[in-house]
Amino acid sequence: MSTATALAHPRAVLADLLPASRVRDAALVLGGAGLTGIAAQIAVPVPGSPVPVTGQTFAALLVGTALGAGRGFLALALYALAGVAGVPWFADGASGASMPSFGYVVGLLLASAAVGALARRGGDRSVLRTAGTMLVGEAIVYAVGVPYLALATGMSASAAIAAGLTPFLLGDALKAALAMGLLPTAWKLVKR
């Protein structure tokens, strides 16, 4: 898809603006996994929670939105599989599937596909639509991550919500606001 065609096509995502090829797609998937792994290293401990605040959620949702559902899912699948295989690029340099926060990684994988599908429907082209897209992505991450946290640690549902959801809401609102500025602005810039 050429840049002009992608701009005119309502089902395009930002990655579609690049010349199409399998090499492009492979590079985008690898880059998306790498970006998520790097962003996960920005980790701030949360007192009373085994889950830190990281940049990984922002990166995963940005990857899904920019690459689309298929490439976004593959990028986060690569990130998850490599981390399970031992690449130390989960939060705080962790790896493996036995950590209590692994459910959030699974949630990121599903959320990247969902926000990518919404982006194909224009969910990243205006501030309000981007806000809705990010909200859906965040909800998916927590819908998987919080119950997994409860199961992995033996916490009650209310304790898991207190440790794995509530402390993160402000940071997630800030990340969503950043995305609400970045994505629609990127579309405006490429239309020029």
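**Fold and contacts**

Mentor: Among contacts in the chain between residues at least 6 apart in sequence, 67% join residues at least 24 apart, where contact means heavy atoms within 4.5 Å. Keep in mind that this is a predicted model, where local features need pLDDT of at least 70, side-chain atom pairs count only at pLDDT 80 or more, and totals for chains, interfaces and linings use all residues. Residues are numbered from 1 along each chain as its sequence is written, and side-chain values use heavy atoms, with hydrogens and water left out.

Trainee: Okay, how many helices and strands does the chain have?

Mentor: Eight helices and two strands. Those are DSSP runs numbered from the N terminus, with helices being H or I of at least four residues and strands E of at least two. The order from the N terminus is α-α-β-β-α-α-α-α-α-α. The radius of gyration is 16 Å, close to the 16 Å that the globule rule gives for 192 residues, so the chain is as compact as a globular protein of that length. That radius is taken over C-alpha atoms, and the rule is 2.2 Å times the number of residues to the power 0.38.

Trainee: And what does the C-alpha trace span along its principal axes?

Mentor: About 55 × 35 × 20 Å. Of the 192 residues, 46% count as buried. Buried is under 20% relative accessible area, exposed is over 50%, and partly exposed is in between, using a 1.4 Å probe and protein chains only. The chain exposes about 8800 Å², and carbon and sulfur atoms supply 74% of that. Areas come from the Shrake-Rupley method with a 1.4 Å probe, and for residues only the protein chains shown count as cover.

Trainee: Switching to charges. How many salt bridges does a search of the whole structure find?

Mentor: Five, each being a side-chain nitrogen of Lys or Arg within 4 Å of a carboxyl oxygen of Asp or Glu. Asp16, Arg24, Asp25, Arg71 and Arg120 are linked in a network of them.

Trainee: What does Asp16 pair with in there?

Mentor: One partner is Arg120, with the closest N and O atoms 2.6 Å apart. Asp16 sits in the loop between H1 and H2 and Arg120 in the loop between H5 and helix H6 (127–153), so to speak distant parts of the chain, 104 residues apart. Asp16 also bridges to Arg71, with closest N and O atoms 2.8 Å apart.

Trainee: Where does Asp25 come in?

Mentor: Asp25 forms a salt bridge with Arg71, closest N and O atoms 3.0 Å apart. Asp25 lies in helix H2 and Arg71 in helix H4, so the pair ties together parts that are 46 residues apart in sequence. Asp25 counts as partly exposed, at 25%.

Trainee: What do the buried residues of H4 pack against?

Mentor: Helix H2 (22–40), helix H3 (56–67) and helix H5 (102–119). Those buried residues include Arg71, Ala75, Leu76 and Tyr79.

Trainee: And which residues form the nonpolar patch on the surface?

Mentor: Phe73, Leu74, Val106 and Leu110, with about 310 Å² of accessible area together. Patch members have over 30% relative accessible area and no salt bridge; like charges are joined within 9 Å, and nonpolar side chains (Val, Leu, Ile, Met, Phe, Trp, Tyr) within 5 Å. H4 and H5 each supply at least two of the residues. Leu74, in helix H4, is partly exposed at 49%.

Trainee: Last one: what is Thr133 in contact with?

Mentor: Leaving aside neighbours within four places in sequence, Thr65, Val115, Leu118 and Gly123. Thr133 is found in helix H6 and is buried, at 3% relative accessibility.
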